[in-house]
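Here are some exercises to work through with the model open beside you. Try each task before reading its solution.

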Amino acid sequence: MTTLTDPHRLWRNPRYLTWLLSDTSKGLAAALFGFAIPLLALIVTNDPAQAGIIGAAGMIARLLMTLAGGVLADRHRRIALMLLGSLIGIVLAGAFTLLALGDAMTFGSLLVIDILLAARSGLFDVAGESAIKEIVPDDAMGRAQAANQGRDAALQLAGGPLGGLLLGIGGWAVGVVMTLCHAIAALTAWMLGRQARRAGVVDTGAAGENGDDPDDPRRVVAERAVAATDDLGFGTSPAPAKPNAWAELREAFGWLLSRPDLGGVLLITTVVNLGFNAAITTVIYSLQQDGHSELLIGTLSAGIGAVMLVGAVCAPLLVPRIKAGILTIAGLSVAAVGVIALTMVTTPWAIAVVLGASVLLVPALNAGMMGYFMVATPTHLLGRANSAAGVLGMGAMPLAPLIAGFGLAWVGREWTLLLCAALCLASVALAVTNRALRALPVESRWAAHAKEFESA
């Protein structure tokens with residue numbers, strides 16, 4: 001067995017590869033739906049404001065259900081939740097396909113299906129995000145997150161053109177591929193559970209509540225032989241249910257906000273997420289309203305994904321060598337400059353160049369911040385802490401499609417993008433003046449740095 005002192009090679013870790021395949025399949029389904037819904041909404045309603053309402057409703061549903069998802073991820077078997085979420089995804093994607101085949105796409109039906117699929121993501125995706133801590137050791141977490149960023153970039157690279165091509169055939173084609181993706185995610189989640197049983201590894205979820213050391217989550221439980229297991233490979237003895245979900249959530253929020261190395265960056269994340277995503281949504285809406293095809297818009301998205309893929313390839317080289325705080329400030333600054341430049345360009349290919357340059361450092365930024373968060377968070381708290389961070393960091397995201405939709409309708413493209421740029425610049429100012437963020441070290445020092453705050 002590889003010890004924590006040995007160099008960990010991700011591509012020789014079969015459990016990580018299985019997890020990655022499951023998460024990637026689910027991610028492709030989400031990428032296709034995320035690409036299709038705004039364009040379908042604009043096609044059906046021909047109104048950016050109504051499209052913005054649909055997008056905002058889905059984001060609100062996801063944020064609210066993320067809170068419940070964090071509690072579930074800490075109470076129950078996380079890999080089993082991955083499987084259940086994928087099965088529900090199959091049902092919802094199938095329903096979307098039937099709506100499209102029946103020519104039943106309306107403002108109301110798109111609103112409902114968007115809310116349901118977003119709620120599914122919020123409820124179950126936290127479990128998948130948290131499960132990786134049990135699969136990858138701390139000293140490889142930065143590289144794992146960088147690999148995940150590369151995966152996300154590849155999804156965006158493929159998802160835009162594929163989504164545009166499928167949407168050109170019909171909304172039903174998007175639904176069929178989404179259904180297939182969720183089926184693959186379900187199968188590989190089941191395989192991951194089987195691998196856990198064969199390795200004698202306890203599945204995540206409530207691990208710290210059973211008398212185990214929550215700071216050593218990757219233990220092999222020879223002394224606690226898993227004698228009775230179900231077909232998924234998880235112990236049949238259920239984790240003791242906690243009586244008060246709100247108390248569990250308060251614990252997570254309180255812990256997160258008490259950590260200056262984590263809580264202090266959440267406002268920065270909120271502001272930049274709102275500004276940058278509102279800018280991208282504004283660009284997509286304006287291109288569609290100007291008569292550009294879905295395939296062209298998808299190709300623009302692929303260009304962004306290609307640059308992010310380059311950034312993701314560089315991220316494993318940057319994260320071990322450059323402080324996470326410095327990478328974050330640099331990434332935010334480049335993104336802010338890019339949004340300012342968007343106000344000066346209107347042709348699709350110029351927009352693609354500007355957006356591509358804007359996201360070049362985003363994979364390294366995300367790998368550093370997400371990797372440190374995973375290392376710093378105790379396993380028994382990880383699901384709730386993930387959901388709390390998601391809600392705090394993305395709490396303003398439902399405003400992004402509203403800013404884009406109503407901004408285009410009321411003040412036009414340029415002024416809407418200037419507002420987005422102002423938000424991005426504000427995030428840079430907050431980051432530069434945040435001492436805890438500036439102090440975040442390189443990957444090899446994350447565990448030691450996090451321990452400095454454990455008694456704070």
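A salt bridge here is a side-chain nitrogen of Lys or Arg within 4 Å of a carboxyl oxygen of Asp or Glu. This is a predicted model, so local features need pLDDT of at least 70 and side-chain atom pairs count only at pLDDT 80 or more, while totals for chains, interfaces and linings use all residues. Residues are numbered from 1 along each chain as its sequence is written, and side-chain values use heavy atoms, leaving out hydrogens and water.

**Exercise 1. Salt bridges**

Solution. 

Step 1. Helices here are DSSP runs of H or I with at least four residues, strands are E runs of at least two, and both are numbered from the N terminus.

Step 2. Check the burial (buried means under 20% relative accessible area, exposed over 50%, partly exposed in between, with a 1.4 Å probe and protein chains only). Arg 384 counts as buried because its relative accessibility is 0%. Asp 74 is buried as well, whereas Glu 251 is partly exposed at 37%.

Step 3. For one more pair, take Arg 259 and Asp 261: they form a salt bridge with the closest N and O atoms 2.9 Å apart. Arg 259 is buried at 3% relative accessibility, and Asp 261 is buried at 0%.

**Exercise 2. Aromatic pairs**

Task: how many aromatic pairs are there, and how are the rings of Tyr 16 and Trp 19 arranged?

Solution. 

Step 1. Set the rule: rings of Phe, Tyr and Trp (its six-membered ring) pair if their centres lie within 6.5 Å, and planes under 30 degrees apart count as stacked, over 60 as edge-to-face and the rest as tilted.

Step 2. Counting this way gives 4 aromatic pairs. In the pair of Tyr 16 and Trp 19, the ring centres are 6.0 Å apart and the planes are at 25°, so the pair is stacked.

Step 3. Where do they sit? Tyr 16 and Trp 19 are 3 residues apart in helix α1 (residues 14–45), so about one helical turn separates them. Both Tyr 16 and Trp 19 are buried.

Step 4. Compare Phe 33 and Phe 96, an edge-to-face pair at 5.6 Å centre to centre with 80° between the planes. Phe 33 is in helix α1 and Phe 96 in helix α3 (residues 78–101), 63 residues apart, so the pair links distant parts of the chain. Both Phe 33 and Phe 96 are buried.

**Exercise 3. Around Leu 437**

Task: is Leu 437 buried or exposed, and which residues does Leu 437 contact?

Solution. 

Step 1. Leu 437 is found in helix α16 (residues 435–438), and counts as buried at 1% relative accessibility.

Step 2. A contact means heavy atoms within 4.5 Å. Leaving aside neighbours within four places in sequence, Leu 437 touches several residues, including Val 265, Ile 268, Gly 325 and Met 369.

Step 3. For a C-alpha check, Leu 437 and Ile 326 are 8.3 Å apart in space and 111 residues apart in sequence.

**Exercise 4. Positive phi**

Task: where do Asn 46 and Asp 103 lie, and what are their phi values?

Solution. 

Step 1. Most residues other than glycine have a negative phi.

Step 2. Asn 46 has a positive phi near 55°; this residue lies in the loop between α1 and α2 and is exposed at 58% relative accessibility.

Step 3. Asp 103 has a positive phi of about 55°, lies in the loop between α3 and α4 (107–131), and is exposed at 70%.

**Exercise 5. Confidence**

Task: which stretches call for caution?

Solution. 

Step 1. Start with pLDDT, the predictor's confidence in each residue, from 0 to 100. The chain averages 83, and 88% of the residues score at least 70.

Step 2. Over residues 1–6 the pLDDT is below 50, and the model has 6 contacts for this stretch beyond near neighbours in sequence. Residues 207–242 also stay under 50, with 61 contacts beyond four places in sequence.
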